[in-house]
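This briefing covers selected local features of the structure shown below.

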Amino acid sequence: MAPLLRYILSSAVGLPLLLLLCSNPTYAFQPVLFEKGSEGNPLWEYFLQHKQGPVIHKWHSYFDVYHRYFQRFRDVPVNFMEVGVQSGGSLGMWRSYFRHPNSRFYGVDINPYCKLFEEYYPGVTIFIGSQSNRTFLRDVVSRTPKMDIILDDAGHTMIQQIVGLEELYNHVKDGGIYMVEDVATSYWPRFGGALDTAQHTETFISYAKRLVDRMYYGYLNYRGHAYTSEARARLQGHGPSNFTENTLSVAFYDQIVVFERGARPSVAVHAVQGDFSIPYNAEVAFDAAVMQKYREQLLGNRA
Ligand SMILES: C[S@@+](CC[C@H](N)C(=O)[O-])C[C@H]1O[C@@H](n2cnc3c(N)ncnc32)[C@H](O)[C@@H]1O
């Protein structure tokens, strides 16, 4: 008998444990359903308590990202749009979370049964159509006010996520958020995903990475750091129009990409204040007399 098995059979806890595992062969492989770490997050608390009614379908890691970006909207009138409604549970969660009575909620889904949630949640508006259909999305834009938050949780294919962002990003207010979830599909061939190589067609992640370049577009020409016209041309027309001047940040989380919308100059003002400075020179040779001059300027300036 192998020493480990002999030990298990003879130890006080080993034998009962072995019997327990044998009586339930899947026991050792039960998935960990809920990780710890989101205590105090009202969205997570809502999710845990939500045992009946429309199903909510999220990955655990999303709740903290949501709360990080959305909490400042909780008590103000918010226009919120979720693309991808399915069983409607997440719409209920958002209605509970954004608690201002003048908040408005919009859902978009390709599945016509999702229209039911207009009856279930008074005041919610549902649009039925495909996220990859630009004409449909433009119609949705024309029928709705600008949004504080747009959350893309729909079909998760590359074309859907990219078209959705291109058509809906400019429908987000200044100071608002555009969030795309389930972006691991960028690595799953069934959704059009692939690793970022020269050969592959665009994935949402490769597209979003290039949007980071687009964010810094103004610096390509900054003070003689001249990039080739090809490099600049590659970025022109990439992503939603005016992306550079209307994006404060692009953040990549576990399966979520967040775009914080806000007006900014494409090149920031280089800000300098103060009246003592050491000239920038990485290869300066030390000179005690110069040091003494700086010392007098700096210490003499001290009030
Ligand atoms: C992941 S589920 C949404 C889950 C829901 N937001 C939740 O958290 O419980 C995805 C939904 O996207 C919808 N969908 C799939 N392809 C779509 C498309 N091309 N346009 C719009 N919705 C689509 C599906 O019908 C499905 O209801």
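In this predicted model, helices H7 and H8 cross in a right-handed sense. Helix H7 spans residues 134-143 and helix H8 residues 158-168; the two pack at an angle of about 35°, and their axes are 10 Å apart.

**Contact of H7 with H8**
- On the H7 side, the contact is formed by Arg 134, Leu 137, Arg 138 and Val 141.
- These residues meet Val 163, Glu 167 and Leu 168 of H8.
- By class, the contact of H7 with H8 comprises four nonpolar and three charged residues, with no polar ones.

**Ligand surroundings**
- The ligand is surrounded by 21 residues, of which the closest are Gly 84, Gln 86, Ser 90, Gln 131 and Gly 155.
- Two or more residues of this shell are given by each of H5 and strand S2 (104-109).
- The shell divides into 12 polar, five nonpolar and four charged residues.

- Gln 86 lies in the loop that runs between strand S1 (79-83) and helix H5 (89-97).
- Gln 86 counts as buried because 20 C-beta neighbours lie inside 10 Å.
- Gln 255, also not a glycine, has a positive phi of about 70°.
- The loop between strand S6 (247-253) and strand S7 (256-261) contains Gln 255.
- Gln 255 has 17 C-beta neighbours inside 10 Å and therefore counts as partly exposed.

How values were computed
Residues numbered from 1 in each chain as written. Predicted model: local features only at pLDDT ≥ 70, side-chain atom pairs only at ≥ 80, totals over all residues. Helix = DSSP H or I, 4+ residues; strand = E, 2+ residues; numbered from the N terminus. Buried ≥ 20, exposed ≤ 12 C-beta atoms within 10 Å, placed from the backbone. Near = placed C-beta within 6 Å. Nonpolar A, V, L, I, M, F, W, Y, C, P; charged D, E, K, R; others polar. Axes fitted to C-alpha atoms, helices over the stretch in contact; angles between N-to-C directions. Left-handed = near helix turned anticlockwise from the far one by under 90°. Contact = placed C-beta atoms within 7 Å.
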